[in-house]
Amino acid sequence: MINFNGTLVSRDANILTQNRAFLYGDGVFETVKIINNKILFLEDHYFRLMSSMRVVRMEIPMNFTMEYLEEQILSLVNKSVLDKSSRARITVYRNDGGYYLPQSNTVSFLIHAVALENTMYSFEKKEYEVDLYKDFYITKQLLSSIKTTNKIINITGSIFASENGLDNCLLLNDSKNVVEALQGNIFMLVGNKLITPPVSEGCLNGVMRKQILSLAKKIENLEVVEDVISPFDLQKADELFVTNVIKGIQPITQYRKKTFTANISDQLLDKLNEMISST
């Protein structure tokens, strides 16, 4: 028996009783965007998922090919009539058994999807204010660069942002450098230099981050570098924006008393949509 919300029920009545992702955060995930029945950046998502599974010592099933996962995601999206524009998340978790030491490294997966309003990437020209989140820090290690089911820093940071009327927060690593935003990677423009922290600083190895780095290098007279960003650097920036696969690009308009433009964000958004339309 187990006690579930004050009621004694059979142990088998609740699938979370032995679920390792629920009990220990023993899972990894990918969130993808689907447009017109096509998964954007599928190869990048697939290889990051495989890499994440290897990092946490999960056994990768023989049938876990890119084609298999694409088929599994799209079958759900089509059945749910979400193929025009949607987001889907695939969570891979180690199978039941054991405590900290698993009884097995075999895995199961769960996919769910919801509709998105817009087909192409866009952003509203509205105020978007951020501040630093300093209650907890990200560590500079390989685990910080992958998407695990332990996102408690992002959760507490999101609550902090909501309580303080902020649209987002910027996370710091244990060296007190700016690493990323709550829901994506951070980019900073200073003069003609576009900077984003290297993965070695503890930021997520973002799929959209990779696309933006590539697109930005095609903008004339723009120097693109991966370098450390300190909180002091934010006050000197001309532009700040956040990137992730679902939103694309989100310009930041205000950090404390500093306001920012969105010129490079506009250019990159156009290039991003051009790239998607041509594939």
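Biologist: What makes Tyr24 count as partly exposed?

Modeller: This is a predicted model, and in it Tyr24 has a relative accessibility of 32%. Buried means under 20% and exposed means over 50%, so at 32% Tyr24 counts as partly exposed.

Biologist: And Tyr100, is that one buried or exposed?

Modeller: Tyr100 comes out at 74% relative accessibility. The cut-off for exposed is over 50%, so Tyr100 counts as exposed.

Biologist: How many aromatic pairs are there, and why is the one between Tyr24 and Tyr100 called edge-to-face?

Modeller: The count comes to 8 aromatic pairs. For Tyr24 and Tyr100, the ring centres are 5.6 Å apart and the planes stand at 65°. Centres within 6.5 Å make a pair, and planes over 60 degrees apart make it edge-to-face, so this pair is edge-to-face.

Biologist: Which parts does that pair tie together?

Modeller: Tyr24 sits in helix α1 (residues 20-24) and Tyr100 in the loop between β5 (85-94) and β6 (107-115), so the pair links parts 76 residues apart in sequence.

Biologist: What makes Tyr68 and Phe109 edge-to-face?

Modeller: Their planes are at 90°, with 6.3 Å from centre to centre. That is within 6.5 Å and over 60 degrees, so the label edge-to-face applies. Tyr68 belongs to helix α3 and Phe109 to strand β6, so this pair ties together parts 41 residues apart in sequence. Phe64, Tyr68 and Phe109 form one aromatic cluster.

Biologist: Why is α2 called roughly perpendicular to α3?

Modeller: The axes of helix α2 (residues 42-55) and helix α3 (residues 66-79) come within 10 Å and cross at roughly 110°. Roughly perpendicular covers 65 to 115 degrees, so α2 is roughly perpendicular to α3. On the α2 side, Leu42, Glu43, Tyr46, Leu49 and Met50 meet Met66, Leu69 and Glu70 in α3. By type, the residues of this contact divide into 6 nonpolar, no polar and 2 charged.

Biologist: How do you know that Lys33 lies over the face of Tyr121?

Modeller: Lys33 is at 3.9 Å from the ring centre of Tyr121, and the distance limit is within 6 Å. The rule also asks for a position within 35 degrees of the ring normal. Lys176 likewise lies over the face of Tyr137, at 4.6 Å from the ring centre.

Biologist: What makes Asn19 buried?

Modeller: Asn19 has a relative accessible area of 11%, and buried means under 20%, so Asn19 is buried. Its place is in the loop between β2 (7-9) and α1. Not counting residues up to four places away in sequence, Asn19 touches Tyr93 and Asp96.

Definitions and conventions: Residues numbered from 1 in each chain as written. Predicted model: local features only at pLDDT ≥ 70, side-chain atom pairs only at ≥ 80, totals over all residues. Heavy atoms only, no water. Axes fitted to C-alpha atoms, helices over the stretch in contact; angles between N-to-C directions. Helix = DSSP H or I, 4+ residues; strand = E, 2+ residues; numbered from the N terminus. Parallel < 35°, antiparallel > 145°, perpendicular 65-115°, else oblique. Contact = heavy atoms within 4.5 Å. Nonpolar A, V, L, I, M, F, W, Y, C, P; charged D, E, K, R; others polar. Phe/Tyr/Trp six-rings, centres within 6.5 Å; stacked < 30°, edge-to-face > 60°. Buried < 20%, exposed > 50% of the residue type's maximum accessible area, 1.4 Å probe, protein only.
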